[in-house]
Amino acid sequence: MLRRTALAATALLAAGALLLSACSSGADQAPTTSAAPDPDASVAIRLVLEPENLDIRQTAGAALDQILVDNVYQGLVARTPEQEIVPSLASDWTVSPDGLTYTFTLREGVTFHDGQALTPQDVVWSLETRRATPAWSDSARLANVTSVTAEGQEITLTLAAPDSSLLWNLTGRAGIILKEGDTVDYSTAANGTGPFTLDDWRQGASITYLRNDAYWGEPAQVAEVVFDYIPDNQAALNAALAGEVDVLTGFDANLKEQIEADGDFALVLGQSTDKGTLAFNQSAGSPLADQRVRQAIRQAIDHDAFVEALASGETQYGPIPSLDPGYEDLADVAPYDPEAARALLEEAGVEDLTLTLKIPNFYSTTIPQILVSNLNEVGITLEVDSVDFSTWLNDVYVNRDYDLSFVLHTEARDFENWANPDYYFTYDNPEVQELYAESLAATDEGEAAQLLADAARIVSEDAAGDWLYTGASVVAVGDNITGMPSINVNERLNLAELAKSNG
Amino acid sequence: MIRYTLTRLALLLLGLLVASVLIFLSLRVLPGDVAQLIAGTNSTPEQIAAIRERLGLDQPLPAQYLEWIGGVLRGELGTSLLTGSTVASELAEKAQVTVPLGVMALTIAVVFSVPLGVLSAMRRGRADGTALSVGAQTLAAVPVVWAGMMLVVVFAVWLGWLPAQGFPRAGWQDPWAAFRALILPALTIGIVEGAMLMRFVRSATLQAVGQDHVRTGAAKGLTRNAALIRHGLPDVGLSVITVLGLQVAGIIVGAVIIEQLFTLPGIGRMLVADVSARDLPKVQGELLVLTGFVLVVGFVVDLVHRVIDPRQREAA
């Protein structure tokens, strides 16, 4: 008996040593770079955030867009990972010079997963219903549309005013085409036109897709995709090393050496529109209502430290990330300078300032740690209040009960929130709102982008908030996998090109 | 005995009623609601209000409670606000992971803790007895998460014998795969719970050694160990049953942590997800069933105790 206990103790100690030495061993697999794709392959992809239900019509959240849009549900137009707008259910489209009429040619021979044909009436119904149903997500994005009509395969959208964001919005949820009068239970099932069908959802574990053999376009190159929801990075790493998953998304770039040690995985860092946003509650009465205090906080923060600590991403000094139109490098607006920060605080007559940071508890503790030490450096005490996301939504988003708040805003092209005085950012600048409206009304893309850039500079100069970093899409890809997207995968994960060779 | 059983049963029902009120109220203290979560960060207050109304969250609390408890009395545990699935069906599905996990963990705990606990008591004062006792204390102090990680690193990543996480999609239709998926999680809980149980068995055994009837047995010519085994161990067994009853609750708590760690789709993981999604009707139903389960186990333990232990009957 004694021997067995000793043995167990030895095994545990050995295991500890192994963990400390960074899990360098694992099952050996020969690299299979040259092998042909296996059409019967099943690919297991690790995702972090599981959706609460699958109702793409009404339930918000990037976890739904990430897997359902492009793969299961489609719109008239789609976007590439590089954020280009491309045809999807419409084979082409034209926009009238005044920007008020969009005409799409609907593809023929498209069927839904249940076998019913896609008709022009389905398109009219989907867009009209979305527009007229406030309870459906993103319905406001079609606010400028006054009518949707069909003649043959031609679908015409008529607008009350030009809207430079309309096509982009149609690539997202607002543009999803559903079957009119469908009886599918959207909470747990789906009926779309995409290259994959939803096969199975094991809540708390995984979602499985199968190839849609009746797909109107190029069929998917794998027979099955399994999304495994594994929130913990260490558990995900173990799963990868044990050969249980082929791809890890949302990975920690600090674990690069461990995941690459075997030679079975390579870490890919792609761009993303994930903005690590530090919101300042600048409502009247708050010490943060003073622009100098906000500017001081921005200049007290060492933005490079976040990129270093995350081992990925890039710095961002304004509201628009580098993938989006209107981006410019605004580093000169708030350079890291604790000395200047202290001077600004003194000028504002602020002493012994204590602020609270509300942060959802699923983010890395590194972020508050850096903030606490940076702000402490200039004489601001930061108290960290780590809360679950529902509490964050209630306290920060609904009740505006916060000083500072950190959230990763993943959505692309979401500058609108800085032009919305009712948003939880509590930022209200009529000039920015005007520039944003002009940008929407612009019929020229370049002009629209320039107006956004002008507005973004003002937001940054006002220190309306701070942007700690632009995140990266950190994806670990098995060496037998090709066609895995690497850009902005937290928001959209188009798997049409995914292939796996079994070598 | 019948009177005792009936009184005990009445207490059980009263306990459940009190628990239902506590569960209901404690969940209402949580800030945030499911309507906000559904509507997301680009929604208007009107949208949130509309969702709240659709889900019945705008009703006053007493009305919500009465509706819930009325449903429970009719045998309906409620439905999820998010997916529309019933609590009963969800529990039944997730129990296919959690119940076998708990049974395996408990079996592992008992199998190694009872003999080792008795042995370490019988060998008290000797090197091997001390080693066993120290070993148990050390293992009982190990955080469950760390123990789990270590087992994964050795048996899944390093040796490749067992899966590191997850449960087969085919479930128990593939019994061998399902069983393998539960080995490491069950070992993790089993070792830590077992180490605690082992310390208890050891002290219960030591106590038994000092009992009159064991000493009498020894005086009648049995060796000390033989006397202990024949006359002392039934006492130990009785205490172990009591502690096991308490440990059922410990195992449920352990399952919540372990199911997160091993991404097992069980009751613990479902509960955590439902709380963070503020799917309160579902959480209520789940907690009520778990509470009921623990209370029933306590009830059964008490009855068993009374049947086995003659002293309690005499005292009554």
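Across all chains of this predicted model, 27 aromatic pairs are found. In one of them, formed by Phe389(A) and Trp392(A), the ring centres lie 5.7 Å apart and the planes meet at 5°, so the pair is stacked. Both residues belong to helix 11 of chain A, which spans residues 389-398, and they are separated by 3 residues, about one turn of the helix. An α-helix has 3.6 residues a turn, so residues three or four places apart point the same way.

A second stacked pair occurs in chain B, where the rings of Trp176(B) and Phe179(B) have centres 6.0 Å apart and planes at 25°. This angle counts as stacked because it falls under 30 degrees. Trp176(B) and Phe179(B) are again 3 residues apart, about one turn of the helix, within helix 8 (residues 175-209) of chain B. Trp176(B) is exposed, with a relative accessible area of 57%, and Phe179(B) is partly exposed, with a value of 33%.

Aromatic rings also take part in arrangements with charged side chains. In chain A, the charged end of Arg413(A) is placed over the ring of Trp168(A), at 3.8 Å from the ring centre. In chain B, the charged end of Arg306(B) lies over the ring of Tyr4(B), with a distance of 4.0 Å to the centre.

Two helices of chain A were examined for the placement of their buried residues. Helix 9 of chain A covers residues 338-347, and its buried residues are Pro338(A), Ala341(A), Leu344(A) and Leu345(A). Viewed down the axis of helix 9 of chain A, these residues fall within an arc of 115°, so they line one face of the helix. They pack against helix 7 (291-300) and strand 14 (380-387) of chain A. On the face turned away from the buried side, helix 9 of chain A carries the exposed residues Glu339(A), Glu346(A) and Glu347(A). Just after helix 9 of chain A, Gly349(A) adopts a positive phi of about 70°.

Helix 12 of chain A (residues 430-441) contains 12 residues and extends 16 Å from its first C-alpha to its last, close to the 16 Å expected at 1.5 Å a residue. At the start of helix 12 of chain A, a side-chain oxygen of Asn429(A) comes to within 2.9 Å of the backbone nitrogen of Glu431(A). The buried residues of helix 12 of chain A are Val432(A), Leu435(A), Tyr436(A), Ser439(A) and Leu440(A). Their directions cover an arc of only 140° around the axis, which puts them on the same side of helix 12 of chain A. The cover over these buried residues includes helix 13 (445-461) of chain A.

Chain B was also described as a whole. Its secondary structure consists of 13 helices and 0 strands. The C-alpha atoms of chain B occupy a box of roughly 85 × 60 × 35 Å along the principal axes. Of the 316 residues in chain B, 46% are buried. Among contacts in chain B with a separation of 6 or more, 71% involve residues 24 or more positions apart.

How values were computed. Residues are numbered from 1 along each chain as its sequence is written. Chains are lettered from A and ligands numbered from 1 in the order in which they are written. This is a predicted model: local features need pLDDT of at least 70, side-chain atom pairs count only at pLDDT 80 or more; totals for chains, interfaces and linings use all residues. Side-chain values use heavy atoms; hydrogens and water are left out. Rings of Phe, Tyr and Trp (its six-membered ring) pair if their centres lie within 6.5 Å; planes under 30 degrees apart count as stacked, over 60 as edge-to-face and the rest as tilted. Helices (H or I, at least four residues) and strands (E, at least two) are DSSP runs, numbered from the N terminus. Buried means under 20% relative accessible area, exposed over 50%, partly exposed in between (1.4 Å probe, protein chains only). A charge sits over a ring if NZ of Lys or CZ of Arg is within 6 Å of the ring centre and within 35 degrees of the ring normal. The expected span of a helix is 1.5 Å times one less than its number of residues. The arc is that of the directions from the helix axis to the C-beta atoms. Contact means heavy atoms within 4.5 Å. A polar contact is a pair of N or O atoms within 3.5 Å; within protein, one must be able to donate a hydrogen and the other to accept it, and residues adjacent in sequence count only if both atoms are side-chain atoms.
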